[in-house]
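Hi,

Here's the structure I promised to pass on to you. Have a look at it first, and then read my notes on what turned up.

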Amino acid sequence: GLSVVAGSVYVAAYKSPEGAGRGPCRLYRLDPTSGEVTGILDLPSKCGHAGGVAKGPPGHLWVADTRDIFEVRLDQPASAAIGKVTRHIQLGGLVKGSYAAGSADALWLGAYETHGAPRLYKFPWASLKPTISQEDAAMSVLMPVRVQGAAFDPAGRLWVTRSSGSFGELVEVKLESGAIGARFAFPVGTEDIGFDAEGRLWTVSEAGSKRWLSWST
């Protein structure tokens, strides 16, 4: 997972011992100029696959796992600590936290699927409660398959990444219809994305992880 907040890049990851799909989760804060790690937060043991990070209201962000999401209250960037987890929400029904995005009014959660018709669900900040499902969503948008990350650009357009061990792609998705707009080739294994205040797009790929060193790409 990745998001950019107040000039810092936040990256969420999980340790995958011996190729397991789950493990201890950690959130890192990075200096975007030097790449230096400026803060670390170990997430609750309930977290096993930190696949998405989304901006929340000012001073907050969300880390998404497949069936759980965690709200983090951020400390000042100068602090050696990132902050602390202040809320945990369970996901039910068709809603998964494979990836996440934040807009001014809502949290958006989507599922990574290799077939079918996956959807991205919108949950207004004020409507979040201890357990949420598609029944609580204000709207949903049809997504392409193999989506790994999502973010809104400064103009409010939705961009998603699609990837596997053999390709990567950046795609604009129209909120009104789910139609595909612009699309660009992207690094193999691309996962989450985030825009900074200058409109630059940041991304993270899983291609360099030990788990996927066998990829021919």
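The second largest pocket comes to about 190 Å³; bear in mind that this is a predicted model. Its lining is made up of 18 residues, and those closest to the centre of this pocket are K55, G102, A151, F152 and F195. Sorted by class, the lining of the second largest pocket holds 12 nonpolar residues, 4 polar ones and 2 charged ones.

If you want to find it on screen, go to A13, Y14, H49, E191 and E206, which lie nearest its centre among the 38 residues lining it. Two or more lining residues come from each of β2 (8–14), β3 (25–30) and β19 (201–205), with β2 giving the most, at 4 residues. The lining here splits into 15 nonpolar, 15 polar and 8 charged residues.

For a place to start looking, L30 has V37 in β4 as its bridge partner. Together β3 and β4 make a hairpin with 6 residues between them, and in the turn G35 has a positive phi of about 80 degrees.

That's what I have so far. Enjoy looking around!

Cheers

Definitions and conventions: Residues numbered from 1 in each chain as written. Predicted model: local features only at pLDDT ≥ 70, side-chain atom pairs only at ≥ 80, totals over all residues. Heavy atoms only, no water. 1 Å grid on protein atoms, 1.4 Å probe; cavity = no way out; pocket = protein on both sides within 12 Å on 5 of 7 lines; lining within 4 Å. Nonpolar A, V, L, I, M, F, W, Y, C, P; charged D, E, K, R; others polar. Points joined across faces, edges and corners; volume = space filled by probe spheres on them. Pairing = 2+ DSSP bridges.
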